[in-house]
Amino acid sequence: MTVTGARTFKNFIGGEWVDAASGETFESVSPADGETLGVFPKSGPEDVDRAAAVAKQAFEEWRLVPAPKRGEILFRFAQLLAEHKAELTDLMTHEMGKVKPEAGGDVQEAIDMSYYMAGEGRRLWGQTTPSELRDKFNMSVRMPIGVVGVITPWNFPIAIPSWKIAPALVCGNTIVFKPATDTPLLGERFVELLVEAGVPAGVVNVVHGGGAAVGDRLVRHPDVPVITLTGSRETGVQVMRNAADCLKHIHLELGGKNAIIVLDDADLDLAADGILWSAFGTSGQRCTAASRVIVQEGVYDALASHLVAAAEKLRLGVGWEDDTDVGPVINEGALEKIHSYTQIGIDEGAKLLTGGEVASGNGLDKGFYYRPTLFGDVDPQMRIAQEEIFGPTTALIRVEDFDEAVRVSNGIRYGLSSSIFTRDVNKAFRAMRDLVAGITYVNAGTIGAEVHLPFGGTKDTGNGHREAGQAALDVFTEWKSIYVDYSGKLQKAQIDTAS
Ligand code: NAD
C-alpha cells in the first residue's frame with residue numbers, strides 16, 4: 001500500500017466533506033515508526049451540533065427505507081471491506097500498530113459483522129401472540145430510535161465501528177460517529193466505504209476530535225437519544241453521568257482484567273500457546289487480553305518456565321513485517337503507563353520473570369515498544385492483578401485447587417472474558433457456571449469472539465447490554481406492542497373477562 005503521507009482529511013456531514021468550524025487540526029502519527037499519516041479536523045461542539053441536526057433530518061427518510069434494502073447496502077459494504085481487506089490491514093499496521101495477521105482479523109470481523117447484520121434486514125423479528133380477547137390481534141415490533149452517537153476506541157479501529165454502526169443502520173437509525181483520535185484514518189476509510197456502498201447523505205456522519213470536545217457534546221446532545229461507547233471504565237462512568245439529564249439509552253463496553261485458569265490436568269503446551277496469544281497479542285491491548293494467569297501449584301513452575309522461554313523468543317517490530325510477533329503500543333502515554341505498572345509490581349513484591357522494559361535498538365526507538373512482561377508470585381490483591389494495564393504484561397498467580405482458582409478469577413471489578421484449561425469435564429462445566437463473566441472459553445485463551453454470539457461483560461465491564469448477535473438489536477431498537485381489535489365493538493382488557 002501507499003501510506004497517504006500527511007494528506008488532510010475532513011469531517012463528513014450531510015454527504016459533504018467539511019473542515020471543523022474552528023479550522024483547527026490534529027495529526028495521526030504511527031506508533032510503529034512515528035510517520036505522520038494524515039491531518040484531521042479538530043472538531044468542537046458546533047460541528048457535533050451540525051452533524052446531529054443533519055442526522056436527525058435524515059432519520060425521517062432512512063427509517064422508512066425497507067429493512068431488507070438497508071441490509072442490501074450493508075451487504076455491499078461487507079463486499080467492499082473484503083475487496084479492500086489488504087489495504088485496510090496494511091493501513092492498520094501503520095496507524096494502530098497491530099501485526100498483520102491480527103489487523104487482517106480485525107477487518108475480517110467487520111466483514112463478518114456486516115454480512116451478519118445485512119441478513120438481519122430480512123429478520124428483525126418481533127413476536128405475535130394470542131390475545132386474551134376474541135377478534136383481536138397482538139404483536140410486538142422493533143422500532144428504530146433515532147440518531148445514534150458512536151464513540152469508539154483505537155484498539156479495534158475497523159471491527160468496533162462495525163459492531164455498532166452495522167446493527168444501528170439495519171435497524172433504521174442514523175449515525176454521528178466519533179472515531180478515536182489515535183486512529184482517525186481508519187475511521188475515515190470505514191465511512192468512505194459505507195458511502196461507496198450506497199448509504200444516503202446524512203445517514204452516517206463522522207466528526208473527528210477528542211472525547212472532551214466532540215464525545216462529550218454527543219453525550220449531552222438532546223437530539224442524540226442513543227450513545228454507544230467502547231472505552232475505559234472511567235470514560236464509561238463519565239458518559240453515564242453526563243447523559244443522565246437527557247435520560248439517554250447508554251450502551252457501554254468497558255475494561256477487563258481477564259484470567260486464564262490452568263489446572264494440574266491441563267495440556268500445558270496448549271495452555272501456554274493460549275496464554276501467549278491472549279496476553280501478548282495486540283501487545284496486550286485487547287479488552288479481552290489475559291492479564292492474569294491463575295495456575296494450580298502442581299504445574300506452576302513448569303508453566304512459568306515454559307512461558308518465560310516463549311515470551312523471550314517473541315520478536316518485536318513493525319506490524320507490516322511478516323516476521324514480527326509483537327507490535328508497538330499505541331502512544332507514549334500508554335508506554336509510560338505500562339512501564340509504571342512494572343515498577344508498581346516490583347514495589348508490591350511480585351517477581352519480575354521477564355520483560356519489564358521499554359524496547360530499543362533495531363529501529364524500535366522510532367516507535368513505542370514494550371518487552372512482553374511476566375510477573376510471578378503475584379498476590380491476587382496486588383494492583384497489577386486488579387487494575388487494567390492494557391499492555392503486554394501478565395501476572396502469574398499460584399492457587400491450590402479449582403475452587404480457589406474460580407474465587408481468584410472472580411475477585412476483580414470487571415467481568416468480560418474468562419478461560420479454563422482442563423481435561424476434567426466436570427470442572428469445565430462448573431467453570432462455565434461459576435465464572436462471573438460475559439464470556440468463558442474452555443481450552444482456549446480469553447480472546448476470539450465470533451460475531452453471531454453476544455459480546456460484552458458483567459460487573460464494571462458494562463451496563464448490562466451486549467454487542468453482536470441478536471443481542472445488539474436491543475441497543476438500537478425499542479419495542480412497540482401493537483393491538484388490533486377487529487371485533488367492531490369496545491372490548492376491555494382485564495375487564496371483559498367472560499368472552
Ligand atoms: P478511552 O475511554 O480513553 O476512549 C474511548 C473513546 O471515548 C474515545 O473515542 C475517546 O475520545 C472517547 N471519550 C473520552 N472521554 C470522553 C467523554 N468524557 N465523553 C465522551 N467520549 C469520551 O479508551 P481507549 O483508550 O480509547 O480504549 C481502551 C479502553 O477500551 C480499555 O479500557 C479497553 O478495555 C476498552 N475496550 C473495551 C472493549 C469491550 O468491548 N468491552 C473493547 C475494546 C476496548
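Which side chain has an N or O atom 2.9 Å from a nitrogen atom of the ligand? The side chain is that of glutamine 238, and the pair is a polar contact, a term used for two N or O atoms within 3.5 Å; within protein, one atom must be able to donate a hydrogen and the other to accept it, and residues adjacent in sequence count only if both atoms are side-chain atoms. The protein buries 88% of the 850 Å² that the ligand exposes when taken alone, with accessible areas from the Shrake-Rupley method and a 1.4 Å probe (for residues, only the protein chains shown count as cover).

The model is predicted: local features need pLDDT of at least 70 and side-chain atom pairs count only at pLDDT 80 or more, whereas totals for chains, interfaces and linings use all residues. Residues are numbered from 1 along each chain as its sequence is written, and side-chain values use heavy atoms, with hydrogens and water left out.

A polar backbone atom of threonine 152 is 2.7 Å from an oxygen atom of the ligand, and a polar backbone atom of glycine 211 is 3.3 Å from an oxygen atom of the ligand. The shell around the ligand holds 27 residues, each with a heavy atom within 4 Å of it; Thr152, Ser232, Thr235, Leu254 and Glu388 come nearest. By class, 13 of the shell residues are nonpolar, ten polar and four charged, where Ala, Val, Leu, Ile, Met, Phe, Trp, Tyr, Cys and Pro count as nonpolar, Asp, Glu, Lys and Arg as charged, and the others, Gly among them, as polar. Helix α7 gives the most to this shell, with four residues; helices (H or I, at least four residues) and strands (E, at least two) are DSSP runs, numbered from the N terminus.

The ligand takes up the space of the largest pocket, in the sense that more than half of its atoms lie within 2 Å of the grid points. A pocket is an open set of points on a 1 Å grid over the protein atoms alone, with protein on both sides within 12 Å along at least five of seven lines; in a cavity, a 1.4 Å probe fits but cannot get out, and lining residues have an atom within 4 Å of a point. The largest pocket contains about 1,000 Å³ of space, a volume being the space filled by probe spheres set on points joined across faces, edges and corners. Its lining has 50 residues, with Pro153, Trp154, Gly231, Ser232 and Thr235 closest to the centre. Helix α8 gives the most to this lining, with six residues.

The second largest pocket has a volume of about 290 Å³. Among its 19 lining residues, Glu109, Phe156, Arg286, Gly448 and Ala449 are closest to the centre, and helix α4 (residues 100-120) gives the most, with seven residues.
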